[in-house]
Amino acid sequence: MASVRTVSSMNIHEYQAKELFDRFDVPSPRGKMAESAEAAKAIAEEIGSDLMVVKAQVHAGGRGKGTFKNGFQGGVHLTKDPADIGEIAGKMIGETLVTKQTGDEGRLVRKVMVADAVEIKHEYYLSMLMDRDTSRPVIVASVEGGMDIEEVAENRPEKIIKQLIHPLAGLQAYEVRKLTAALGFKGPAAKEFGKLLKNLYKLFVSLDCDMVEINPLVETKDGQVLALDAKFGFDDNALYRHPEVLAYRDIEEEDPREVAASEFDLSYIGLDGNIACLVNGAGLAMATMDAIKFSGGDPANFLDVGGGATKEQVVGAFNIIQSDPKVEAILINIFGGIMDCDIIANGVVAAVQETGLKLPLIVRLEGNNVAAGRETLKASGLAITGAEDLADAAKKAVASV
Ligand code: ADP
Ligand code: MG
């Protein structure tokens, strides 16, 4: 199995978040995941409430206001009749949901969550994340929840409450009281909110979260305080400490290019441009992307094969690049410090022989054993454009598309 290191910022589904909430005593409506209309109906019968909700499970928000490509409106549906649940789930499962966060291509829905629908008195926003400026956890909250929080932050910044937490002292009772008062919770709901906040902070720290966002957190008409939605991000450098969280990984929701890259232990981030990069070293990869931009082009990816890449990794990287339909040219930029340029050259030749070369390929090789590397490329007879230096390589790549 690929190392955890290359899993980029792992997300989980709402029904999985609910399992974590249950574990840490963060109240949320009763609910379960289903992968078919029949299973959804069975869960509805088991829960047996007067009002229930079916929620599409995808790693993207804005589901409530989303639209399915089959014309069905909304990835969050409330119904009074449990008999409807199967039908609603059937219109979601196997269909593509488009929301503000999915882009036009949308997301295929494979699972839904069937849950108790609650009567909402008010929707709040609550999140915990790591504040990069102060290196501390920060709690962000607002009475204007349930909607686009970015819009609130932009137009009504006074409605956003922030509370920095000292990482050693942890969440203090006075901080809980301050947030409770700022959000206007009173009576039993104030006590409920305080308990939820403390338990959520425990969850956040114990599981090495990057962020937990609850939008909305609600007060119900009968005074309960519940997490109705959840978005989690986990620090991938700490995932090895939480195998149960890592098991929540759903690779169907991840960029297939990034999944393939993690199998070869490559650091890869897919981007929207058309010039693919294959580079050794993160700094050099950044510089290569800058050089492409400077020459008027757009990089298709960030790809670092690492300081000691093997031939297999280069072949893997090349295959990932070539399978991306957006890519129109490939720029290989290798500075051989630890890396032997001839290994890269052999990897490129092997990959091209395997997949064929349909695109312009620009190679800049420099450093350790560069003469042998250049000789390998030349002897292969492949149509490769050589480059003097990075600027020259970027210029030639941009000119080729
Ligand atoms: P998204 O943010 O992806 O649109 P949410 O889970 O936030 O999805 O749901 C959207 C809206 O649907 C919520 O703001 C809330 O008003 C309503 N909703 C979601 N879950 C429930 C529930 N269990 N009971 C009642 N209303 C709900
Ligand atoms: Mg939401």
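In the account that follows, Ala, Val, Leu, Ile, Met, Phe, Trp, Tyr, Cys and Pro count as nonpolar, Asp, Glu, Lys and Arg as charged, and the others, Gly among them, as polar. The model is predicted. Under this classification, the shell around ligand 1 divides into 8 nonpolar, 4 polar and 5 charged residues.

**Ligand site**

- Ligand 1 is surrounded by 17 residues, of which Lys55, Arg63, Gly64, Val118 and Glu123 are the closest.
- The largest pocket is the space that ligand 1 takes.
- At least two residues of the shell around ligand 1 come from each of strand 3 (52–57), strand 9 (120–131) and strand 12 (209–220).

**Polar contacts with the ligand**

- Lysine 55, one of the closest residues, places a polar side-chain atom 2.7 Å from an oxygen atom of ligand 1.
- Glycine 62 has a backbone N or O atom 3.2 Å from an oxygen atom of ligand 1.
- For asparagine 215, a backbone N or O atom lies 3.1 Å from an oxygen atom of ligand 1.
- Ligand 1 taken alone exposes 540 Å², and the protein buries 85% of that area.

**Domains**

- The domain assignment divides the protein into domain 1 (30–116), domain 2 (120–246) and domain 3 (255–399).
- Ligand 1 lies between domain 1 and domain 2, because both of these domains give residues to the shell around it.
- A distance of 42 Å separates the C-alpha centres of domain 1 and domain 3.

**Backbone geometry**

- Most residues other than glycine have a negative phi, and most peptide bonds are trans.
- The peptide bond that leads from asparagine 215 to proline 216 is cis, and its omega is near 15°.
- Proline 216 is part of strand 12, one of the strands that supply at least two residues of the shell around ligand 1.
- Serine 135, a residue other than glycine, has a positive phi, with a value near 55°.
- The position of serine 135 is in the loop between strand 9 and strand 10 (136–142).

Conventions. Residues numbered from 1 in each chain as written. Chains lettered and ligands numbered in written order. Predicted model: local features only at pLDDT ≥ 70, side-chain atom pairs only at ≥ 80, totals over all residues. Heavy atoms only, no water. Near = heavy atom within 4 Å. Polar contact = N/O pair within 3.5 Å; in protein donor to acceptor, adjacent residues only side chain to side chain. Areas by Shrake-Rupley, 256 points an atom, 1.4 Å probe, with all protein chains shown as cover. 1 Å grid on protein atoms, 1.4 Å probe; cavity = no way out; pocket = protein on both sides within 12 Å on 5 of 7 lines; lining within 4 Å. Sits in = over half its atoms within 2 Å of the grid points. Helix = DSSP H or I, 4+ residues; strand = E, 2+ residues; numbered from the N terminus. Domains from an automatic or database assignment.
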